[in-house]
Amino acid sequence: MNMIEYIIKLMPALLEGTGMTLAIFSITLVISLPLGLLVSLLRVSKNRVVAKAVEIYCWVMRGTPLLLQLMFVYYGLPAISPSLTMPAFTCAIIAFSLNYTAYFVEIFRGGIESIEQGQLEAADVLGLSRYQTMRRIILPQAIKRVLPSLGNEVITLVKDTALVYTIAIHELLRVTQIAATRDFRSDAFIAAGVIYLLLTFVCTRLQKRVENKFAYYR
Amino acid sequence: MILRAENIVKSFGELGVLKDISLNVNKGDVVAIIGASGSGKSTFLRCLNYLELIQSGNIFIDDEPMVVTKPGKKPVYAPEKELKTLRSKLGMVFQSFNLFPHKNVLENLIEAPTIVKKMPKAEAISKAEELLARVELSDKRNAYPYELSGGQQQRVAIARALAMDPELLCFDEPTSALDPQLTGEVLRVMQNLAADGMTMLVVTHEMGFARNVANHVVYMSDGLIVEEGTPEDVFVNSGNPKLRAFLGMAEEKE
């Protein structure tokens with residue numbers, strides 16, 4: 001069987017794995033992007049205790065391997081109490097969402113803090129409340145500034161989904177590896193690589209489109 | 001009396017910036033505050049607008065207390081709601097314009113009226129258009145700030161402040177970030193406002209403006225008012241050596 005035939009034969013399995021990869025990717029994003037934005041507001045809040053708590057959360061999440069966090073939720077929690085046993089997919093979503101939220105918090109914080117003091121003062125003397133200033137003046141500008149960093153993080157997430165193969169989730173890499181060892185062939189890896197490339201390519205294009213949408217001002 | 005500031009004291013840490021400043025502004029006044037950089041004049045303006053907190057003194061707006069200091073006590077500001085009402089009577093124009101870059105000229109002008117005053121959008125727009133005509137920028141209503149020159153941006157900023165109907169418009173060195181060519185167009189707009197009876201408090205390095213447009217000139221040095229009076233009092237009659245030296249330097253620069 002030549003490479004093309006082999007990959008065609010493998011395609012249904014690969015696509016199924018890709019479906020799982022996409023599920024973890026998109027659910028994580030849908031949870032952690034808005035959550036990251038919300039929590040970043042707490043991170044820049046005037047309440048020192050709240051800001052510090054968020055800072056520590058981000059420090060832990062960004063300072064330890066995502067793989068460790070994933071294993072902790074899947075293997076570690078049930079060891080603490082059997083009632084904390086959850087399906088692998090749920091564990092993956094929890095670990096990924098908590099981890100990526102931390103990264104997004106830091107990205108949004110950087111954007112918010114990069115907005116000039118003069119913008120706050122102008123809004124303030126015009127009578128806008130703190131909330132209105134954040135919502136209408138600061139965030140729209142901050143989001144534009146952080147789009148490149150967000151794009152980076154989203155692309156990293158595509159590839160990070162491969163980590164869940166360690167907790168027996170049949171995503172793209174696991175499906176590939178099973179086939180490759182079973183058939184003792186290397187082309188499955190190449191096929192999987194091409195699929196990852198396609199996924200990240202689509203992300204890059206989407207990022208470009210969003211950036212263009214914000215390009216009407218400087 | 002629109003503004004009454006009494007014995008304002010302000011310091012940043014050890015550094016005393018305002019040592020004891022008192023100033024009254026009546027309706028229709030155009031008050032110019034002049035002085036060297038670091039004399040505290042911008043800080044004074046920022047204290048009036050609640051962008052800086054004072055350490056001691058009283059500020060009354062329309063004879064209502066915004067902040068009052070009892071002897072030996074810390075200053076007490078008006079409760080939030082009153083403070084907001086009082087502050088809304090002051091407008092502010094910044095040295096660096098501070099237009100909202102993600103909003104076009106018209107959106108910059110209607111932002112506060114629609115959001116803060118809940119003015120219907122159509123009304124806010126027609127008012128904004130009148131103001132744009134007043135600062136001679138009607139053709140720029142759909143432009144974004146980055147497409148405008150510094151002088152145009154500052155004129156938009158003036159219109160934006162006027163859109164909230166302030167009783168007193170404060171200017172913090174409105175032309176200091178502009179080259180001489182663009183300075184002229186901003187000063188002309190300010191001069192027209194003065195002629196229309198707008199009450200203005202202007203921190204400026206433009207001696208020509210202070211001399212020809214203001215009816216009251218204040219000279220500040222090292223956190224104190226050293227001299228004040230009519231333009232003639234300050235520019236011609238005063239024999240204060242500090243003021244004379246300052247004016248001499250300002251003249252040389254021109």
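This is a predicted model: local features need pLDDT of at least 70, side-chain atom pairs count only at pLDDT 80 or more; totals for chains, interfaces and linings use all residues.
For chain A as a whole, I noted a mean pLDDT of 96, with 100% of its residues at 70 or more.

Next entry: chain B. I looked up its secondary structure and got 9 helices and 11 strands. Then I checked how compact chain B is: its radius of gyration is 18 Å, close to the 18 Å from the globule rule for 254 residues, so chain B is as compact as a globular protein of that length. I also wrote down the extent of the C-alpha trace of chain B, about 50 × 45 × 30 Å along its principal axes.

How much of chain B is buried? I get 46% of the 254 residues. I looked at contacts in chain B too, taking pairs at least 6 apart in sequence. Of those contacts, 62% join residues at least 24 apart.

Last entry: one lysine. I found B:Lys74 in the loop between β5 (64–68) and β6 (76–77) of chain B. Is B:Lys74 buried or exposed? I count it as exposed, because it has 9 C-beta neighbours inside 10 Å and the cut-off for exposed is 12 or fewer. I then took the distance from B:Lys74 to B:Lys89, C-alpha to C-alpha, and got 25 Å. Along the sequence, B:Lys74 and B:Lys89 are 15 residues apart.

Definitions and conventions:
Residues are numbered from 1 along each chain as its sequence is written. Chains are lettered from A and ligands numbered from 1 in the order in which they are written. Helices (H or I, at least four residues) and strands (E, at least two) are DSSP runs, numbered from the N terminus. The radius of gyration is taken over C-alpha atoms; the globule rule is 2.2 Å times the number of residues to the power 0.38. A residue is buried if 20 or more other C-beta atoms lie within 10 Å of its own, exposed if 12 or fewer, and partly exposed in between; C-beta atoms are placed from the backbone. Two residues are in contact if their C-beta atoms, placed from the backbone, lie within 7 Å. pLDDT is the predictor's confidence in each residue, from 0 to 100.
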